[in-house]
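Subject: A structure for you to explore

Hello,

Here is the structure I promised to pass on. Have a look at it first, and then read my notes below with the viewer open beside you.

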Amino acid sequence: MEEFNERLVNRKEAWAQAKRGLTEEGVPPDTRLRENRLPPGQHMTKGWPVLDLGIHPTIALTDWTLTITGAVAQPATWTWEDFLQQPPTQSISDFHCVTTWSTFDNHWEGVSFRHLMSLVRPLPAARFVLFSSYDGYTVNLPLEACDDEDVLLACTWNAAPLPTEHGGPVRVIVPKRYAWKGAKWVKEITFAEHDKPGFWEVRGYSNQALPWDEDRYGY
Ligand SMILES: Nc1nc2c(c(=O)[nH]1)N[C@H]1C(S)=C(S)[C@@H](COP(=O)(O)O)O[C@H]1N2
Ligand SMILES: [Mo]
């Protein structure tokens, strides 16, 4: 097993520690619909930077599986064939990394989270969703953040297969949260009664991660 890029992890962790409890004033919600598409403190970047723990797992499509488990009526493990058999969905969204870069108008195609939910049927007690990935990464979200029309398991970006370094074959996209909430190389999705902070959430980053509230850091 490769090691995480420890310098990067330490740097981001120290940054969150220094900034603990700080938020900027949120901007009015309608602002984002007009001229200003950049959440506070963000800048637009060219291209699409790669940001992760430094491990890029290459998973042969024949070995790839996605397990959906926990507080659901119908747990599932999908092979790549199973994934391709789901109805495809498309969505266009902006992407905001907590390190302040943003990209606009990403075209995603994949399987919508709502479709996945309709198959596995979360139990009434399920209130959180925990994602884990082939690189050892984990991230958590409230169920209501995932139960949204623009949340998907993406396998293409701008009409091409999602490159490995960006989380291919399949990554999660949650446009209304900072990008760390979207697990690259997603391997397992667990519906849960209780929350469980993920990789960055235990290292000083916000549990909610709302870009328009500049909600970057934990307390
Ligand atoms: N599995 C996994 N997913 C991850 C990460 C990671 O390290 N591992 N990094 C997160 C962070 S901090 C960001 S900003 C985005 C970056 O996605 P990109 O490299 O495609 O730009 O992925 C998120 N998802
Ligand atoms: Mo990030």
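The expected span of a helix is 1.5 Å times one less than its number of residues. Keep that rule in mind for the first stop on our tour, and please remember throughout that this is a predicted model.

**Helix α1**

Helix α1 covers residues 6-18, which makes 13 residues, so it should span 18 Å. Which residues of α1 are buried? They are Leu8, Val9, Lys12 and Ala16. Looking down the axis of α1, you will find these buried residues within an arc of 100°, so they line one face of the helix. Glu6, Arg7, Arg11 and Ala18 are exposed, on the other side of α1.

Besides being one of the buried residues of α1, lysine 12 lies over the face of tryptophan 200, 4.3 Å from the ring centre.

**Aromatic rings**

That brings us to the rings. The structure holds 18 aromatic pairs. One of them joins tryptophan 180 and tyrosine 205 in an edge-to-face arrangement, with 5.6 Å from centre to centre and 70° between the planes. Tryptophan 180 sits in the loop between β10 (171-173) and β11 (186-192), while tyrosine 205 belongs to the segment after β11, so this pair ties together parts that are 25 residues apart in sequence. Are tryptophan 180 and tyrosine 205 buried or exposed? Both are buried.

These two rings also belong to a cluster linked by ring pairs, made up of Phe4, Tyr137, Tyr178, Trp180, Phe199, Trp200, Tyr205 and Tyr217. Phenylalanine 199 has a charge above its ring: the charged end of arginine 203 sits over it, 3.7 Å from the centre.

**The nonpolar cores**

Next, turn to the inside of the protein. The largest nonpolar core has 46 residues, and those with the most contacts inside it are Phe113, Phe131, Ile189 and Phe191. Helix α3 (residues 113-120) supplies the largest share of this core, 4 residues. A second, separate core has 10 residues, including Cys97, Trp101, Ala154 and Ala179.

What does isoleucine 189 touch, if residues up to four places away in sequence are not counted? Its partners are Leu66, Thr67, Ile68, Thr69, Phe113, Leu116, Val129, Leu130, Phe131 and Leu153.

Leucine 66, one of those partners, is found in strand β2 (residues 65-70). Leucine 66 counts as buried, at 0% relative accessibility. Leaving aside neighbours within four places in sequence, leucine 66 is in contact with Ala76, Thr77, Trp78, Leu153, Val186, Lys187, Glu188 and Ile189. Glutamine 17 lies 49 residues from leucine 66 along the chain, and their C-alpha atoms are separated by 34 Å.

Most residues other than glycine have a negative phi, and most peptide bonds are trans.

Threonine 100 is not a glycine, yet it has a positive phi of about 95°. You will find threonine 100 in the loop between β4 (89-96) and β5 (101-112). With a relative accessible area of 26%, threonine 100 is partly exposed.

Aspartate 105, in strand β5, also has a positive phi, of about 55°, although it is not a glycine. Its relative accessibility is 39%, so aspartate 105 counts as partly exposed.

Asparagine 106 lies in strand β5 too, but asparagine 106 is buried, with a relative accessible area of 2%. Beyond its neighbours within four places in sequence, asparagine 106 is in contact with Ser91, Ile92, Ser93, Asp94, Phe95, Trp157 and Asn158. Take serine 93 from that list: it is 13 residues from asparagine 106 in sequence, and the two are 5.3 Å apart in space, C-alpha to C-alpha.

**A cis peptide bond**

Where is the cis peptide bond that I would like you to find? It joins glycine 168 and proline 169, with omega at about 15°. Proline 169 is in the loop between β9 (160-161) and β10.

Enjoy exploring, and write back with any questions!

Best wishes

Technical notes:
Residues are numbered from 1 along each chain as its sequence is written. Chains are lettered from A and ligands numbered from 1 in the order in which they are written. This is a predicted model: local features need pLDDT of at least 70, side-chain atom pairs count only at pLDDT 80 or more; totals for chains, interfaces and linings use all residues. Side-chain values use heavy atoms; hydrogens and water are left out. Helices (H or I, at least four residues) and strands (E, at least two) are DSSP runs, numbered from the N terminus. Buried means under 20% relative accessible area, exposed over 50%, partly exposed in between (1.4 Å probe, protein chains only). The arc is that of the directions from the helix axis to the C-beta atoms. A nonpolar core is a set of buried Ala, Val, Leu, Ile, Met, Phe, Trp, Tyr and Cys residues joined through side-chain atoms within 4.5 Å. Contact means heavy atoms within 4.5 Å. Rings of Phe, Tyr and Trp (its six-membered ring) pair if their centres lie within 6.5 Å; planes under 30 degrees apart count as stacked, over 60 as edge-to-face and the rest as tilted. A charge sits over a ring if NZ of Lys or CZ of Arg is within 6 Å of the ring centre and within 35 degrees of the ring normal.
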